[in-house]
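Here are my notes from a first pass through this model, as promised.

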Amino acid sequence: MCLSINSTHRRPVDIISHHFIHTMTSSSCLYTRTTSLLLILCIQLFLIVYAAGSTNFHNDFDITWGGGRGKIIGAGDILTLSLDRVSGSGFQSKKEYLFGRIDMQLKLVPGNSAGTVTAYYLSSQGANHDEIDFEFLGNVSGEPYTLHTNVYAQGKGDREQQFRMWFDPTSHFHTYSIMWTPQTIVFLVDETPIREFRNMEAIGVPFPKHQPMKLYSSLWNADEWATRGGLVKTDWTKAPFTASYRNFNVKNAAFSQWDMTHSQKLKWIKDNHMIYNYCTDVKRFPQGFPPECRVTGSH
């Protein structure tokens, strides 16, 4: 099926493509019919990719709380959340998702972000909800953010893993992805896998695969626990604190692309940047670790 180009409401890329097609058509004597069709198909593919990669937060999300502290900027390509002493803010997707790959680019709160938490997660509703979490725990200036992850299935979580971020997540946008299939959940940062949680229902471990989930994000104050266990409090003289979002994308999860390189990257992250793993916390589980912790490479 061909893309139709409306000459009344064109984006710049539409105008360029329109003139290019017109030029190629008027010069058709120089090309075979096959070549002309291939060129048109290439242009159509470019337009499809362009449209798929563009984000309009007005269409995809609702700002749900914050009293004006959450804002969609310009044509809808940037969303910001802010936190001050009065309130934080948050948004949620209009649609629910059951499996797929979710990408979002975030630029986190810069400077002294101690006490703040930027949460970005999938969740269903109800007491037996499922949830797949990224949480970014702020820190004092010059110290790295902590990236906190968790997986809930049928209302049960307590599967935390934490990582020290190996780059400055506040100076530029970085891509945070959740790849979710019936077989596994993979957390990725800039295409680098940092965690995998496999489906282990065969040994009695619940796995989120029946409940569609919406995408949520929020910026809020958690200085009772977020930075050094609550020892470092939020410095409200630095408020408002602001996180920015762009380039939201949803697509099918191409788990077939997982290869040895991804496994090596996952191991490198665990060896060099993991700072907490519930599966090694003996004090927390004196009666024995959860069953998934006994399966090598599955947590």
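1. Let's start with strand β7, residues 131-137: seven of its seven residues are buried, so the strand is largely enclosed by the rest of the structure. Keep in mind that we're looking at a predicted model.

2. Which residues of β7 point which way? Glu131, Asp133, Glu135 and Leu137 go to one side, while Ile132, Phe134 and Phe136 go to the other, and all of them are buried. Buried here stands for under 20% relative accessible area, so Glu131, Asp133 and Glu135 all come in below that cut-off.

3. Now for the partners of β7. Strand β6 (residues 116-123) pairs with β7 in the antiparallel sense, over seven bridges.

4. As a reminder, strands of a sheet pair through backbone hydrogen bonds, whether parallel or antiparallel.

5. Elsewhere there's an open sheet of seven strands, with antiparallel pairing and the order β2-β3-β14-β5-β10-β11-β12. Its edges are β2 (71-73) and β12 (192-198), each of which pairs on one side only. On average, neighbouring strands of this sheet are turned by 25° against each other, ignoring direction.

6. Val189 is placed opposite Thr192 of β12, if you'd like a landmark.

7. On to empty space, which shows up when a probe the size of a water molecule is rolled over the atoms. The largest pocket has a volume of about 210 Å³. It is lined by 15 residues, and those closest to its centre are Thr146, Arg164, Ala226, Thr227 and Arg228. By type, the lining splits into seven nonpolar, five polar and three charged residues.

8. Finally, the overall numbers. The protein has four helices and 15 strands. Of its 299 residues, 45% are buried. As for contacts between residues at least 6 apart in sequence, 64% link residues at least 24 apart.

Terms used:
Residues numbered from 1 in each chain as written. Predicted model: local features only at pLDDT ≥ 70, side-chain atom pairs only at ≥ 80, totals over all residues. Heavy atoms only, no water. Pairing = 2+ DSSP bridges. Helix = DSSP H or I, 4+ residues; strand = E, 2+ residues; numbered from the N terminus. Axes fitted to C-alpha atoms, helices over the stretch in contact; angles between N-to-C directions. 1 Å grid on protein atoms, 1.4 Å probe; cavity = no way out; pocket = protein on both sides within 12 Å on 5 of 7 lines; lining within 4 Å. Points joined across faces, edges and corners; volume = space filled by probe spheres on them. Nonpolar A, V, L, I, M, F, W, Y, C, P; charged D, E, K, R; others polar. Buried < 20%, exposed > 50% of the residue type's maximum accessible area, 1.4 Å probe, protein only. Contact = heavy atoms within 4.5 Å.
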